[in-house]
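Please keep the sequence and the coordinates at hand while reading.

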Amino acid sequence: MRVAVLGAGAVGLTIAAKLSQVCDVHAVSRVKHVNAINKRGFILTGIWGEETFGFSSSDGIPVGETYDYVIITSKSTDTRQICEKFQDVIADTEVLSLQNGIGNEEIISEYTSRVIGGIIITGFEWRGDAMVNVSVEAGPVKLGRFSGGLDHNVRVLVDLFKEAGLNVSKTENIRGDIWGKTLYNCALNPLGAIMGVSYGELVNPYAWYIIEDVVHEVFLVAGSEGIRLQWDSPDEYLTFLHDVQVPSTALHHSSMYQDLKLGRRTEIDFINGAVVSIGSEHNILTPVNRTLCDLIRFRESLPEMKESAPEIK
Ligand SMILES: NC(=O)c1ccc[n+]([C@@H]2O[C@H](COP(=O)([O-])OP(=O)(O)OC[C@H]3O[C@@H](n4cnc5c(N)ncnc54)[C@H](OP(=O)(O)O)[C@@H]3O)[C@@H](O)[C@H]2O)c1
């Protein structure tokens, strides 16, 4: 089995490292990460154990190589440029998106007809150029045929992830699961990033009032798209978020927070921004999600905020 991981950063290099124990893996990453991996291996720390891995990586695909599966793990903002750059490798190949947000699978569908959707609710944080710490895990990786169903090739990939020791399950409703993960991201990411706090702080009543409104709006938009969510009502989800998801990821800082700190563009357009734009197609107003988008875009446009963002402890 041969797997290529494109846009391999904190998530992608960790998944590549785990998969390298059970199949041939090539990770396409930035040069500084590739050099560090080649020098002393990829170092994993945290709740998935402490281990050093060696696997093939470079800033491109070796000439003439083909793969059984391609996994895209870039930020959503890079999905299109990755698909353009590696379109020969992607064409007619099974391509899994292991990213956050709504819209990645639709972009990938323009380059291959064999798209697998995925969600991952685990915290990956850089500790060095070839070192990632896994801090929290709120549930299994879920994989399913996009936009729905299950088939042999999805099951084979699920089995490969299992063999590599990853907590994974298969789903017939990956679109619902992606919206479910996006619900979590809409609720926690922008607010955590704007306030400079970890998820655990967001149960503060003032933050929670905002989160309640965000979740109600996302439910309305998901309903209008015919999405089958795992929860029957916003209140049922809010209880799950409060009692299960936030406690199990309490110490995590959103990647949006980390992006702002580094002066990078965030994935807001694929998270709350996607809800706002899909909502407007159905004439559904989403004022709270829209305000969060505006605040994040405002922060993105102020490079000097980078220096003043509070340190992650
Ligand atoms: N980190 C988490 O805890 C976590 C958890 C669950 C889901 N996610 C989601 O998973 C996705 C990946 O997150 P991440 O934290 O792993 O992001 P990341 O660390 O920024 O990794 C993405 C990497 O892709 C690289 N890249 C982009 N285009 C490339 C190209 N053409 N060739 C080679 N490398 C390229 C980026 O380099 P540059 O930065 O130089 O562009 C970056 O190093 C996101 O959608 C995120 O929301 C993250």
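Two strands pair if DSSP finds at least two bridges between them. Helices (H or I, at least four residues) and strands (E, at least two) are DSSP runs, numbered from the N terminus. This is a predicted model, in which local features need pLDDT of at least 70 and side-chain atom pairs count only at pLDDT 80 or more, while totals for chains, interfaces and linings use all residues. Residues are numbered from 1 along each chain as its sequence is written.

**Eight-stranded sheet**

- An open sheet with mixed pairing holds eight strands in the order E5-E2-E1-E6-E7-E8-E11-E12.
- E5 and strand E12 (168–170) form the edges with a single partner strand each, so one side of each has no neighbour in the sheet.
- From one strand to the next, the twist averages 20°; axes are lines fitted to C-alpha atoms, for helices over the stretch in contact, and angles run from 0 to 180 degrees between N-to-C directions.
- Strand E1 (residues 2–6) pairs with strand E6 (residues 69–72) in the parallel sense over four bridges, and the bridge partner of Ala4 in E6 is Val70.
- E1 also pairs in the parallel sense with strand E2 (residues 24–28), over five bridges; here Val3 has Val25 in E2 as its bridge partner.
- E2 and E5 are joined in the parallel sense over three bridges, with Ser56 in E5 as the bridge partner of His26.
- Four of the five residues of E1 are buried (20 or more other C-beta atoms within 10 Å of the residue's own; exposed means 12 or fewer, partly exposed lies in between, and C-beta atoms are placed from the backbone).

**Four-stranded sheet**

- A second open sheet, also with mixed pairing, has four strands in the order E4-E3-E10-E9.
- Its edge strands are E4 (51–53) and E9 (122–128), each of which pairs on one side only.
- The twist in this sheet averages 25° from one strand to the next.
- Strand E3 (residues 42–46) and strand E10 (residues 131–137) pair in the parallel sense over four bridges, and Gly46 has Val134 in E10 as its bridge partner.

**Helix H1**

- Helix H1 (residues 10–19) packs on the four-stranded sheet, touching E3, E4, E9 and E10; contact requires C-beta atoms, placed from the backbone, to lie within 7 Å.
- The direction of H1 makes about 95° with that of E9.
- Ten of the ten residues of H1 are buried, so the helix is largely enclosed by the rest of the structure.
- Together, E1, H1 and E2 make a right-handed β-α-β unit: with the strands pointing away from the viewer, the path from the first strand over the helix to the second runs clockwise.

**Residue Ser58**

- Ser58 lies in strand E5 (residues 56–58) and counts as partly exposed, because it has 14 C-beta neighbours inside 10 Å.
- Not counting residues up to four places away in sequence, Ser58 touches Val28 and Val34.
- Between Ser58 and His33 there are 25 residues of sequence separation and a C-alpha to C-alpha distance of 8.8 Å.

**Helix pair H7 and H8**

- Helix H7 (residues 174–195) and helix H8 (residues 205–224) pack at an angle of about 150°, their axes 10 Å apart.
- That makes H7 roughly antiparallel to H8 (angles over 145 degrees; under 35 is roughly parallel, 65 to 115 roughly perpendicular and the rest oblique).
- Residues meeting across this pair include Trp179 and Leu183 in H7, and Ile210 and Val214 in H8.

How values were computed: Contact = placed C-beta atoms within 7 Å.
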